Amino acid sequence: MNHSIYTADKATHLKVVVAGLLAGIAIVATTLTVHFAQPELSLQKAKTLAVHQARPMHARIEMAQR
């Protein structure tokens, strides 16, 4: 195996590409497994979403009442 990117031959390049592909597949498989095994995690996030509505007139009304 060559240890320099400049002198790498086709076999070394193929090994690097295959290793990267396998790592990507492993990450996607793990993510999907966790997502499908615990679907309630994504539902909890959607239920606890808080929306803030700005009230720009609120400060002006308080100042006028003083």
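**Chat about a predicted helical chain**

Modeller: In this predicted model, D9 is partly exposed, with a relative accessible area of 41%; buried means under 20%, exposed over 50% and partly exposed in between, using a 1.4 Å probe and protein chains only.

Colleague: Where is D9 found?

Modeller: D9 sits in the segment before α1. Residues are numbered from 1 along each chain as its sequence is written.

Colleague: Which side chain does D9 have a polar contact with?

Modeller: The side chain of T12, at 2.7 Å. A polar contact is a pair of N or O atoms within 3.5 Å; within protein, one must be able to donate a hydrogen and the other to accept it, and residues adjacent in sequence count only if both atoms are side-chain atoms.

Colleague: Changing topic, how many helices and strands does the chain have?

Modeller: There are 3 helices and 0 strands. Both are DSSP runs numbered from the N terminus: helices are H or I with at least four residues, strands E with at least two.

Colleague: Which helix has the lowest mean pLDDT?

Modeller: Helix α2 (residues 40-47), at 57, while helix α1 (residues 10-37) has the highest, 92. pLDDT is the predictor's confidence in each residue, from 0 to 100. Where it is low, the predicted coordinates should not be read in detail.

Colleague: And what does the chain average?

Modeller: A pLDDT of 76, with 55% of the residues scoring at least 70. In this model, local features need pLDDT of at least 70 and side-chain atom pairs count only at 80 or more, while totals for chains, interfaces and linings use all residues; side-chain values use heavy atoms, leaving out hydrogens and water.

Colleague: Is L14 buried or exposed?

Modeller: L14, in helix α1, counts as exposed because its relative accessibility is 53%.

Colleague: How much of the chain is buried?

Modeller: Of its 66 residues, 2% count as buried.
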